[in-house]
Amino acid sequence: MQHPSLPVLYSFRRCPYAMRARLALAASGEPCELREVVLKNKPAEMLVASPKGTVPVLVLPDAPVLEQSLDIMLWALRRNDPLRWLEPEVGTLDDMLALIAACDNDFKPQLDRYKYPGRFSELPENACESGSQFLLRLEAMLAAGSGQLFGTRATVADAAVMPFVRQFAMVDSAWFESQPWPQLRSWLAGWTASQLFERAMQKYEPWVSGSAGVAYPPA
């Protein structure tokens, strides 16, 4: 059963929103109980806590439920930020939040149209071109920032944006590798090869109601 003092994180391994939340929780070291969700069979406990039915969801003891991935990231990092993800070398926290908003509000819809062309009337090549404009913006930021989006150190912006760039790259990896964004490719490769990403992407069995979740972040 749930430990009475630990937050409970409902997550789905491949979801980029859940991925960014797990990255921040791992970076902060804030402990929680992770419950891996099967999206076709969402646990009743999660739906009671968050009727919207999407992951991630962080259920806090004696506090409001956090239903948005960015809220979870900021909650964890404001409690503990040993890697200084909220302190960019270049720019401000507001600058980082603005980039994350551009990712979520502008890039993510184009990613969906590119990845799932059957669901939309828009041609996938148009969505690919529109999405590429955001990636070119990231390429310029990485070139100016010496390896990360806001300087030489990773920040909350890198962790929040990376899972969606990763999804875009996976649609047509050969095409992605041929595009004029060498800094972006290097940045993405560095993230996906990192120990932090490996910890955040560990596989867990789906959680069963009445059982204990797993301790997260992993050792």
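The bend at a residue is taken as the angle between two fitted axes, one through the seven residues ending there and one through the seven starting there. By this definition, helix α4 (residues 93-115) has a kink of about 40 degrees at Phe-107, shortly before Pro-109. Helices are DSSP runs of H or I, at least four residues long, numbered from the N terminus. The model is predicted: local features need pLDDT of at least 70, side-chain atom pairs count only at pLDDT 80 or more, and totals for chains, interfaces and linings use all residues. Residues are numbered from 1 along each chain as its sequence is written, and side-chain values use heavy atoms, without hydrogens and water.

The whole structure holds 7 salt bridges (a side-chain nitrogen of Lys or Arg within 4 Å of a carboxyl oxygen of Asp or Glu). One of them joins Asp-112 and Lys-108 at 2.9 Å, N to O. Both residues are buried. They lie 4 residues apart in α4, so about one helical turn separates them. Residues three or four places apart in an α-helix point the same way, because there are 3.6 residues a turn.

Arg-84 and Glu-87 form another salt bridge, at 3.2 Å, N to O. Arg-84 is partly exposed, at 41% relative accessibility. Glu-87 is also partly exposed, at 41%. Arg-185 pairs with Glu-177 in a salt bridge, with the closest N and O atoms 3.6 Å apart. Arg-185 is partly exposed, at 21%.

Notes:
Helices (H or I, at least four residues) and strands (E, at least two) are DSSP runs, numbered from the N terminus. Buried means under 20% relative accessible area, exposed over 50%, partly exposed in between (1.4 Å probe, protein chains only).
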